[in-house]
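Hi everyone, thanks for making time.

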Amino acid sequence: MKRKTPQEKKRESYLHDRRNTYGENSKSSRRNIARNKRLRSRLERRLARTAFVPGAGLDVERMDDVESRVVRQRRRAWTKCPDEPLEKVVKEKLARRVELGMLGAAEAAARLARIRAATRRDG
């Protein structure tokens with residue numbers, strides 16, 4: 001396997017690394033993703049359980065109705081938002097710093113040029 005140069009490592013980092021830009025603590029996302037999946041499954045189980053009266057036996061037509069309700073409810077379920085690529089996050093951060101006066105426009109342009117050169121697709 002060919003060894004990667006530091007420039008190749010930097011390029012791959014900008015293109016493949018991702019950052020959480022949702023606005024909350026990144027550690028809480030681990031807990032909240034699992035919680036939202038649990039809530040979705042719980043909702044499906046509750047729909048299936050409340051549709052049948054205990055001890056009434058199985059009714060095929062009723063089972064089809066329950067299945068369609070679960071599928072219909074599932075469409076409105078929570079979905080995970082993907083994290084942003086590092087390249088995009090760095091570019092937005094530089095733009096924000098220029099806007100706030102923390103960084104000069106020329107320096108930000110030079111940094112953006114270095115990022116563009118590092119992430120150029122031709123190698």
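So, how many helices and strands does the secondary structure of the protein come to? It has 5 helices and 2 strands; here, helices (H or I, at least four residues) and strands (E, at least two) are DSSP runs, numbered from the N terminus. Going along the sequence, you get α-β-α-α-β-α-α.

Before going on, a word on the ground rules. This is a predicted model, where local features need pLDDT of at least 70, side-chain atom pairs count only at pLDDT 80 or more, and totals for chains, interfaces and linings use all residues. Residues are numbered from 1 along each chain as its sequence is written, and side-chain values use heavy atoms, with hydrogens and water left out.

About confidence: pLDDT is the predictor's confidence in each residue, from 0 to 100. The protein averages 82, and 85% of the residues score at least 70. Helix α4 (residues 86–100) has the highest mean, 94, while helix α3 (residues 60–74) has the lowest, 70.

Now, burial. Of the 123 residues in the protein, 15% are buried; that means under 20% relative accessible area, with exposed over 50% and partly exposed in between (1.4 Å probe, protein chains only).

From the C-alpha atom of A109 to that of L94 is 8.9 Å, and the two are 15 residues apart along the chain.
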